[in-house]
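I set out to go through this model strand by strand and to write down what I looked up. The entries follow in the order in which I made them.

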Amino acid sequence: MKNCKARLSISIILLCILFCFSNTYAQKSAFKISGTALDSTQAPIVGATVLLLHAKDSVMEHYAITDVDGYFELKTKEAGAYTIQLSFIGYGTFKRAMNLEDETNIELGNVILSPDQQLLDGVTITDSFIPIVMNGDTVEYLADAFKTAPRAVVEDLLRQLPGVDVEEDGTIKVAGEKVDKVLVDGREFFGQDPKVATQNLPANIVEKVQVFDKASETAAFTGIDDGQEKKAINLKLKKDKNSGFFGSVAGEYGTDNHYEGTVVGNYFDDKSRASGILFGNDLSSTFYTADDRLSEVGRLEDEVLEEELNLGNQLNASTGNGLSTEVMGNINYSYRFSPKTDVDVRFGGSYSNVNKQSQSLIQNSSTTAPFTTNSLFSQNLLASNYGGGFKLSHELASNKELDLEGELGTNKFNNKQYNTANSEIFEQLTNTVTSNDNHIRTKAPSWKGKLSYRQRMEKKGRFLTVDLLNNSGLNNENAQLNNTQAAYLSEDLLEQTETIQQQDDALKHVDSKAIVTYSEPIGKAKYLGITASQRYVHTKRGKDFMDFDKDLDDYILNTDLSTDTQRDLAQSTLSTAFKVSKENRDITTKIAYQYNHLNHQFANSATHQLQQYHYALPFFSIKQQLTDSKSLNLKYDTRTRLPRLTEIQPVIDNTDPLNVSEGNPDLRPEYMHQFNTHLTSVNQFNRRFFTSGIHASYTDQAIVQDIRVLPSLSRYSKPVNFGERWHVGGFYILHQDVSIKDTWFKLGWEGNVLYQQSPLLLNEVASHTHLGHFSNKWKFSNTGKKTKIRVSLNYQLDVDLLRYENNKELNTNLLNHHITSSFKYEITDTWFFKTNYSLRYNLAQGKPFHFVDAYLGKTFYKDLFTASITVDNLLNNTESVRQSGSSIQVQETRVNRLGRVIMLGLSYDIKAFKK
């Protein structure tokens, strides 16, 4: 821990020195340029933007804002050719070329700006070259201000933008929040996965990158915040690049017959847009995660299951998904029949074959003596999903809109698992050996539909919206279980059980909802909104347990375990919202009344269980634009989480004999309070992005697991309402770009801190678990239009402190180091080399894990073709390590991964834009 603090202190000092150096560099001046901006009446122009740009590439050297007298000064220490540019809203732009050599103090005198500004000194008037503009919640980046390498894609451009992060798997984050959608010219173009756009769209066709909080369609229409915003990016294309075709065909083949191939095609014009992708490989790389697949076809229940303590995101030391083969295809098409009618359709699917082996060491909590479990696990998973959807948007009249959406899809899984586990209490010489051989088949079709009607009334600010939604699905699962468990004292067998069982599980889910919202202006910049909604959820589950009878050589229905459960929810909500909208501030307050009527029916119970719950759900938000470059957002929200059907169904699930669970019909909903606030500041000219915030939550009647550790060292759990769960945390992100000659250096410093307390009920003893998490990341990269060598370096330090009140033996301190770097070298105009390096090291493991990839490419025939040689996992590291924690255990898992692969590749790029 002392080493950790020392490294942290040194890193902070170095970062401060670097920033001081950059500021010192910016302030040392050998040349000064001054003048006064006036309008045609000789009145001073206050707040005009003055830029000093390098003549050769328009990169900004310095900037100034005119004061109350219209006066400005620009400073630089470098001689050379420059362009000075003055601009102000509503006026023309003044530009003049100048060469700074001997004269160090240049007086421009009065600079006249007028709406009809003429050419001066033969210099053409153009728009202002401002890299970053902040407009409310939207941050807009001028793409040409951020230089990227030839053949760069949008993902490479995003890596250069202050405040934007692109993680190793392609996930995009802005100010720490995940980006859910990427739009092109304001329209959905690439379907559900933002990575398809960012990893295939050429960077040089983008004019602006706009980052904003995308409101729900109803909130965007009425202007009243409903708290359902998601981060989104809009790519505004250049006027000469927004019509045409682009795509690529690429293939690689290598050692041990490994392969990868990709075909991407995109076409767009004024009326239609089409995109398609076909991707396949056996390199254990994928476009989709399991969550992506589920989000495409819809989850069976939309209530999010909150774990009582989930540290997976904080404690990951590495990730590994075994060896896999993947094939994926996706087609999207949109057509504008008229200015009033748009149609979007999409279809896609994927297939995966995963083979995984892992070894886990688990430290388990107990009220008597903690024990360890060593587990060996192997899995063969065949997964496929396919589905399609459409959206029809039609303008019935100038003030009326109608949207119709539909989606249909299915998931299929064929999952074969085998694992053995040995649990031991050393002091008592007690151990349990478990063998588990399971085969689970799942088929889960689902469908969604939405009809929306929106109308603006004659009176400004008066709106009416109606939404009808349906989300339905089936989940059919068949499991074949073969489990054996033997308990020993020293070497003497105490007890042995064997389970041979078939489980047939059928789940049906129908979720329908109607929402009506009416908005009425009640004064200047004041609005009143009323929303009424009615929701009906029908969920039915039938699960049959069939035990194998050796005497009869057949399966017999286990009536004690088998059951049918049905839940019907009628949920009525009425809310009133009040919004005050001023020039720089939006304030929304809302109070909702929610009534839940639950009817549970159990096949093994003669009575119905009726439950009624009434809740008041307050909501409050402030969006304050402090200055042109600073904003402050604050939001307080409340919500409920109803127990899921699997949590209330009195059915024992023994799929994993080490972790047997049962539902609880008496569960009550959770009631959650959430608070978030964040400040964002953007320096429009020095390319600095800063944001920081505080987040907190409190959950009453938390649903937690009542866990019993049995004498066999297996666990039995049942969900109960117990205690309160809460957390408080904060974060900060600072990105600063520094220019030295023709090269830009991007510096980043990010951190977050979290304290979380969760209730724990173990063997009828109540206690709490406490998590303290601290993370810091330092980032460095360089870029430039003529930069031949591009380097990026990221270092992340994670410190996690996990504390158990009753099992202090399990108290765990984790210190994780993660270093990633990349090196790209343009050897010539046609030859280029790049390599990526990753190091993960945890002090508890005592072993660093290094991963190195290398790539050498050669372009030819007008840069349309690229030949390459790639070496993946150069050091042939065939294992990765993942650490995770929960309320009762800390686990370290080692997973197999693909070793060294050498690949030869060829790709062809197609770019045909209409002039």
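I began with Gln796, whose bridge partner in strand S42 is His818. Before going further I noted that this is a predicted model, in which local features need pLDDT of at least 70 and side-chain atom pairs count only at pLDDT 80 or more, while totals for chains, interfaces and linings use all residues. Residues are numbered from 1 along each chain as its sequence is written, and side-chain values use heavy atoms, with hydrogens and water left out.

For my own reference, strands (E, at least two residues) and helices (H or I, at least four) are DSSP runs numbered from the N terminus, and two strands pair if DSSP finds at least two bridges between them. S41 and S42 (residues 812-826) run antiparallel and are joined by 14 bridges. On the other pairing of S41 (residues 789-804), I found 13 bridges to strand S40 (residues 765-783), again antiparallel, with Gly772 bridged to Leu801 in S41.

**A three-stranded open sheet**

I then turned to an open sheet of three strands, ordered S4-S1-S7, with mixed pairing. Strands S4 (71-76) and S7 (105-112) are at its edges and have a single partner strand each, so one side of each lacks a neighbour in the sheet. From one strand to the next the twist averages 20°, taken from axes that are lines fitted to C-alpha atoms, with angles that run from 0 to 180 degrees between N-to-C directions. S1 (residues 31-38) pairs with S4 over six bridges in the antiparallel sense, and I located Gly35 opposite Phe72 of S4.

**Nonpolar cores**

Next I looked at the cores, each a set of buried Ala, Val, Leu, Ile, Met, Phe, Trp, Tyr and Cys residues joined through side-chain atoms within 4.5 Å; buried means under 20% relative accessible area, with a 1.4 Å probe and protein chains only. The largest core has 36 residues, of which Tyr141, Leu158, Val206, Val209 and Ile233 touch the most other members. Among the elements that give two or more residues to this core are helix H2 (154-160), strand S12 (177-184) and strand S14 (206-214). A second, separate core has 20 residues, including Phe72, Ile84, Met98 and Val111. Leaving aside neighbours within four places in sequence, Leu158 is in contact (heavy atoms within 4.5 Å) with Val164, Val166, Ile172, Thr198, Val209, Ile233 and Lys746.

**Around Glu662**

S32 (residues 652-653) and S33 pair antiparallel over two bridges, with Asp653 opposite Ser661. The pairing of S33 with S37 (residues 715-721) is parallel, over three bridges, and Asn659 has Arg715 as its bridge partner there. I also noted a polar contact of 2.4 Å between the side chains of Glu662 and Tyr716, a polar contact being a pair of N or O atoms within 3.5 Å, where within protein one must be able to donate a hydrogen and the other to accept it, and residues adjacent in sequence count only if both atoms are side-chain atoms.

Note on methods: Buried means under 20% relative accessible area, exposed over 50%, partly exposed in between (1.4 Å probe, protein chains only).
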